[in-house]
Amino acid sequence: MLKKNMPSQRQANPESVINYVPHNMRYHAEILYEGEVSFRMVCCAGDSPFSLATDIRQELRKVKDRLPQIFYVEDVYNKDDITDRFIDNYNNGVYND
């Protein structure tokens, strides 16, 4: 299947740092971490901020020795960049179990 024909292509936000979201979930995040030659990114997704935070927590633990950081968080349905608000809430423990 061509990338342009995938169902999640409908959710693309042209003003976003990402033009293609590979899932149908409401929230999308990108984590940036050190690779051997350059930086790498990993995608996290969730239907709620709590499920997104759980996915982010798991991905951060996988690459904890490579200086990971949350780079971008988006509400895909509303096409809203919520990076700063999400990171503040995440760091203040709002999404802890």
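Predicted model: local features only at pLDDT ≥ 70, side-chain atom pairs only at ≥ 80, totals over all residues.
Phe50 is partly exposed, with a relative accessible area of 46%.

**Aromatic rings**

The structure holds 3 aromatic pairs. One of them joins Phe50 to Tyr95 in an edge-to-face arrangement, with 5.3 Å from centre to centre and 80° between the planes. Phe50 is part of helix H1 (residues 49-62), while Tyr95 sits in the segment after helix H2 (83-91), so the pair ties together parts that are 45 residues apart in sequence. How exposed or buried is Tyr95? Its relative accessibility is 8%, and because buried means under 20% relative accessible area, Tyr95 counts as buried.

Another pair consists of Phe86 and Tyr90, and this one is stacked: the centres are 6.1 Å apart and the planes make an angle of 25°. Phe86 and Tyr90 are 4 residues apart in helix H2, so about one helical turn separates them. Both Phe86 and Tyr90 are buried. Together, Phe50, Phe86, Tyr90 and Tyr95 make up one aromatic cluster.

**The sheet and its helices**

In what order do the 4 strands of the open sheet lie? The order is S2-S1-S3-S4, and the pairing is antiparallel. Strand S2 (39-46) and strand S4 (80-81) are the edge strands, and each of these pairs on one side only. Strand S3 (residues 69-75) is joined to S4 by 2 bridges, and S3 and S4 run antiparallel. Asp81 in S4 is the bridge partner of Glu74.

Helix H1 packs on the sheet, where it touches strand S1 (27-34), S2 and S3. The direction of H1 makes about 150° with that of S2. Helix H2 lies across S3 and S4 and runs at about 120° to S3. The sheet is thus the partner of H1, the helix that holds Phe50, and of H2, the helix that holds Phe86 and Tyr90.

**A histidine before the sheet**

His23 is located in the segment before S1. Is His23 buried or exposed? His23 is buried, with a relative accessible area of 12%. Which distance separates His23 from Val76 in space? From C-alpha to C-alpha it is 10.0 Å, although the two residues are 53 residues apart in sequence.

The table collects the relative accessible areas given above.

| Residue | Relative accessible area | Class |
|---|---|---|
| Phe50 | 46% | partly exposed |
| Tyr95 | 8% | buried |
| His23 | 12% | buried |

Note on methods: Residues numbered from 1 in each chain as written. Heavy atoms only, no water. Phe/Tyr/Trp six-rings, centres within 6.5 Å; stacked < 30°, edge-to-face > 60°. Buried < 20%, exposed > 50% of the residue type's maximum accessible area, 1.4 Å probe, protein only. Pairing = 2+ DSSP bridges. Contact = heavy atoms within 4.5 Å. Axes fitted to C-alpha atoms, helices over the stretch in contact; angles between N-to-C directions.
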